[in-house]
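The sequence and structure come first.

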Amino acid sequence: MIQVNLDKAKEISHDKRRNKRADLFRQLDIEATIPILAEQAEAQRQIIRDEFAVIQTEIDNAETVDQLKEIITQL
């Protein structure tokens, strides 16, 4: 029977979360440097930060690999 290291699975899940967040930030990071777009871009970045903070907590609190899979598929 194959056993999965839950701590390692959480690390992998966090990496996937970070990559997805970076993808979402990419365009907003550019827009944040344009004065007319900066305020709106920063507001959108904060929304993403808030959403991904919740996901980070969900990953940390996951007790099974199946829970981690469910969280990651929702990204």
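Contact here means heavy atoms within 4.5 Å. The model is predicted: local features need pLDDT of at least 70, side-chain atom pairs count only at pLDDT 80 or more, and totals for chains, interfaces and linings use all residues. Residues are numbered from 1 along each chain as its sequence is written, and side-chain values use heavy atoms, with hydrogens and water left out.

**Helix packing**

- Helices are DSSP runs (H or I, at least four residues), numbered from the N terminus.
- Helix 1 (residues 6–31) packs with helix 2 at an angle of about 175°, their axes being 9 Å apart.
- Helix 1 is therefore roughly antiparallel to helix 2, a term for angles over 145 degrees.
- Axes are lines fitted to C-alpha atoms, for helices over the stretch in contact, and angles run from 0 to 180 degrees between N-to-C directions.
- Residues of helix 1 that meet helix 2 include Ser 13, Arg 17, Leu 24, Phe 25 and Asp 29; among those on the helix 2 side are Ala 41, Arg 45, Ile 48, Phe 52 and Ile 59.
- Ser 13 of helix 1 is buried, with a relative accessible area of 5% (buried is under 20%, exposed over 50%, partly exposed in between; 1.4 Å probe, protein chains only).
- Leaving aside residues up to four places away in sequence, Ser 13 touches Ile 59, Leu 68 and Ile 72.

**Salt bridges**

- The whole structure has 6 salt bridges, each a side-chain nitrogen of Lys or Arg within 4 Å of a carboxyl oxygen of Asp or Glu.
- Arg 45 and Asp 29 pair at 2.6 Å, N to O; this pair links distant parts of the chain, with Arg 45 in helix 2 and Asp 29 in helix 1, 16 residues apart.
- Arg 45 counts as buried at 15% relative accessibility, whereas Asp 29 is partly exposed at 34%.
- Glu 42 bridges to Arg 49, with the closest N and O atoms 2.9 Å apart.
- Asp 29, Glu 42, Arg 45 and Arg 49 are linked in a network of salt bridges.
- Lys 8 and Glu 11 form a salt bridge at 4.0 Å; being 3 residues apart in helix 1, they are separated by about one helical turn.

**Exposed positions**

- Ile 36, in helix 2 (residues 35–61), is exposed at 75% relative accessible area.
- Asn 61, also in helix 2, is exposed at 53%.
- Asn 61 and Ala 38 are 23 residues apart in sequence and 34 Å apart in space, C-alpha to C-alpha.

Methods
Helix = DSSP H or I, 4+ residues; strand = E, 2+ residues; numbered from the N terminus. Parallel < 35°, antiparallel > 145°, perpendicular 65-115°, else oblique.
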